[in-house]
Amino acid sequence: MKFIYHERANAENIELSGDSFSHLKALRLSLGQRVDIRNLKDGYSYIYEIKSINRRSADLELVFKSLISPIKHKFELAWAVVDGSVIEKSLPTLNELGVGRLNLVYCEFSQRNFKLNLERFERILISSCEQCGRNSIMEIAIFDSVDELLEYKKDIALVDFGGESLDRFNGEYMLFVGPEGGFSQSERDKIPAKFAINSPYILRSNSAIIGVASKFLV
């Protein structure tokens, strides 16, 4: 673990309890030692000293802060909504790879009963940042349809069968990975540009989006 998240990091005194206190214990830190605490919003690392500790919480006092050199996460992807549990399992990997923004889109073949819990997504991403050291959370937006996505951004290309090789992609489009059933014909008509993953196999939706992110970010 690279640091511990606390929403009030930057205050002179904070209390760690719950999950954040469990993380402190996992680091095997004791009274008088220092720990890196971040709020994942302002770009700073806050170094706190442990002033008191008991079985359930610890009181910390700010010693100093330092600005972390910012990394611009510009790579943006769109992903058709699939089972929420599948999305949750993929979020840490996408965050750790350096995706800047993930646009989740309800497509015609997405099941509408898949309700997305943004608060839970945020907790997963915070944990991912603590583990990998990323100093900002991947942004997530939800769109109710492809039409709504096109209002946000026009230059989109589908990741679909029969498209150009991704080796020829030069960043002019935002890539859009479909659901397990693929895109509907009407969605293909609305977004004619498309690229194909160079694989002899049919990939699951989550495998495809991780593969696309890995190709351009690693």
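1. The second largest pocket holds about 360 Å³ of space. Among its 19 lining residues, Val159, Asp160, Phe161, Leu203 and Ala208 are the closest to its centre. Two elements each give two or more residues to this lining: β9 (156-165) and α6 (205-217). β9 gives the most, with three residues.

2. The terms need cut-offs. A pocket is an open set of points on a 1 Å grid over the protein atoms alone, where a 1.4 Å probe fits, with protein on both sides within 12 Å along at least five of seven lines; lining residues have an atom within 4 Å of a point. Points are joined across faces, edges and corners, and volume is the space filled by probe spheres set on them. Helices (H or I, at least four residues) and strands (E, at least two) are DSSP runs, numbered from the N terminus.

3. This is a predicted model: local features need pLDDT of at least 70, side-chain atom pairs count only at pLDDT 80 or more, and totals for chains, interfaces and linings use all residues. Numbering starts from 1 along each chain as its sequence is written, and side-chain values use heavy atoms, without hydrogens and water.

4. The lining of the second largest pocket has eleven nonpolar, five polar and three charged residues (Ala, Val, Leu, Ile, Met, Phe, Trp, Tyr, Cys and Pro are nonpolar; Asp, Glu, Lys and Arg charged; the others, Gly among them, polar).

5. The largest pocket has a volume of about 430 Å³. Of its 15 lining residues, Tyr5, Asp19, Ser20, Arg123 and Ile126 are the closest to its centre. α3 gives the most to the lining, with six residues. By class, this lining has two nonpolar, five polar and eight charged residues.

6. Where does the largest pocket lie? Domain 1 (4-67) and domain 2 (76-217) both give residues to its lining, so it lies between them. The domain bounds come from an automatic or database assignment.
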